[in-house]
Amino acid sequence: MKHAGSLSLNTDIRPIECESLPRKLSVTALWLLAINGIIGAGIFGIPASAQALVSDFSPWLFVLCALLIAPVVLCFAELSSAFGNTGGPVIYVRTAFGPFAGFQAGWAYYIARLTAFAANLNLLVVSVGYFWPAADEPWLRIALLAVLTAAMVWVNVVGARAAMVSLGVLTVMKLLPLLALAAYGASCVGALPAPAMPPTQDLGAGLLLVIYAFVGFEASVVAAGEARNPQRDLPRALLWALLTVAVIYALIQLAAQQLVANLGDVEKPLLAAGGAWLGSVGVAMVALGILTSVGGNLLSNMFTTARISYRLGLDQQLPDWFAQVHARHATPANSILCYGIAAFALAASGSFVWLAVMSVLTRLLLYLSCIASMPAVRRQTGAAQLLRLPGGWSIPLLSAAVCIALLTQVDVRAVVATAALLAIGSVLYVVARKKQ
């Protein structure tokens with residue numbers, strides 16, 4: 001099947017068909033990548049803030065946010081049905097706007113995910129400290145960062161199957177306490193108050209807070225080149241992930257609301273909810289959920305983001321070293337190793353903090369760029385595109401409006417950091433082109 005990435009628009013870069021990663025990922029594996037891209041540590045802290053902002057309306061807030069992000073997810077579902085190669089946003093943007101724009105999309109995504117990885121890796125060590133207080137010692141913290149990073153690098157290098165099995169185990173372990181709380185919430189549905197709308201200002205602040213608990217789904221589309229049937233399975237995985245997360249989030253909020261009387265004033269709401277329900281066993285259960293949730297998010301992050309540098313290496317926009325595949329394990333081992341070293345260095349030094357402010361802006365710009373690429377993708381892929389959204393351009397326009405509305409809330413520091421990041425990317429692109 002001929003894909004848009006190999007048409008005349010991109011003849012100045014290596015064809016995307018030259019990648020050689022084996023196709024082993026099922027729709028369940030793609031769903032795991034999407035779920036772990038979305039569910040991190042945020043949901044364990046958000047319920048208190050949501051309750052403080054909109055009171056008893058807070059379970060409905062999660063439903064509203066799912067509906068708001070749904071058009072964006074649908075746009076990615078359509079785009080993913082048009083391509084079967086590694087890269088996701090890199091390929092979408094490149095197809096519409098050329099190699100430079102594609103490189104910038106990949107570069108921005110890579111750095112944003114790298115800084116998120118460093119932040120969450122530190123959070124994982126802090127979570128380990130709940131079970132092992134000695135982990136707070138500075139020297140032991142660095143050792144744990146190194147061991148955890150090395151373990152994730154090893155799992156990713158030895159094969160996609162090993163990574164997916166590990167990710168599946170972590171996902172089950174992190175979903176069990178969440179599903180337990182969700183089940184308790186489901187038993188309380190009869191007590192769910194009528195959806196009386198809170199004041200507009202509070203509702204807007206609540207939506208802005210909660211909607212970021214739904215992003216990260218785009219991680220799964222990056223791994224399309226290793227999926228058995230990416231054009232069919234990725235749209236399914238994306239939509240099932242959104243539905244799963246929306247139901248779990250809303251029911252967890254309801255459970256916490258019923259279990260903790262002063263939920264809006266609690267620093268660690270789900271730990272408090274677990275304690276109110278099952279005592280010390282409930283607290284330990286939720287703490288283990290936090291630990292495995294962050295671990296799953298990290299493993300998913302490394303698996304997908306390392307494929308971005310692999311994609312850019314294939315496109316000759318990074319050195320060929322990044323595009324080399326392990327002879328035995330058939331994984332982009334060099335890209336994985338480089339990502340692991342960079343992530344450990346950032347996490348150990350703490351130098352990632354100033355870059356973290358740009359992650360929200362970068363993600364929104366990436367979403368907008370992908371949505372803007374849809375007209376060109378529709379023209380160039382034609383029958384190769386398996387999914388075409390109904391309603392003409394209504395869903396893409398609605399998703400663009402959601403992203404633009406969120407952009408108005410971005411801090412000026414994020415604008416400066418992102419502009420600097422893109423400028424650095426421009427220099428790297430020019431240097432790479434000259435060497436080529």
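Let me start with the second largest pocket: 14 residues line it, and Leu123, Ser127, Lys268, Leu271 and Ile290 lie nearest its centre. H5, H11 and H12 are the elements that give two or more residues to this lining. H5 has the largest share, five residues. By class, the lining has 10 nonpolar, two polar and two charged residues. The volume is about 340 Å³.

A word on the source. This is a predicted model, where local features need pLDDT of at least 70 and side-chain atom pairs count only at pLDDT 80 or more, while totals for chains, interfaces and linings use all residues. Residues are numbered from 1 along each chain as its sequence is written, and side-chain values use heavy atoms, with hydrogens and water left out.

Now the terms. A pocket is an open set of points on a 1 Å grid over the protein atoms alone, where a 1.4 Å probe fits, with protein on both sides within 12 Å along at least five of seven lines; lining residues have an atom within 4 Å of a point. Volume is the space filled by probe spheres set on the points. Helices are DSSP runs (H or I, at least four residues), numbered from the N terminus. Nonpolar means Ala, Val, Leu, Ile, Met, Phe, Trp, Tyr, Cys and Pro; charged means Asp, Glu, Lys and Arg; the others, Gly among them, are polar.

Next, the largest pocket. About 810 Å³ of space lies in it. Its lining has 28 residues, with Ala116, Asn120, Tyr212, Ser359 and Arg363 nearest the centre. Helices H1 (27-38), H5 (99-131) and H15 (359-372) each supply at least two lining residues. H5 gives the most, with seven. The classes here are 17 nonpolar, eight polar and three charged.

On to helix packing. H11 (residues 269-278) and H12 (residues 280-314) pack at about 145°, axes 6 Å apart. Axes are lines fitted to C-alpha atoms over the stretch in contact, and angles run from 0 to 180 degrees between N-to-C directions. The contact (heavy atoms within 4.5 Å) includes Leu271 of H11 and Ile290 of H12. Both residues also lie among those nearest the centre of the second largest pocket.

Last pair: H6 (residues 138-157) and H13 (residues 333-349). Their axes come within 10 Å and cross at roughly 165°. The two helices are therefore roughly antiparallel, a label for angles over 145 degrees. Their contact includes Leu145 and Val153 of H6, and Leu337 and Phe344 of H13. That contact has 11 nonpolar, three polar and one charged residues.

Technical notes:
Angles under 35 degrees count as roughly parallel, over 145 as roughly antiparallel, 65 to 115 as roughly perpendicular and the rest as oblique.
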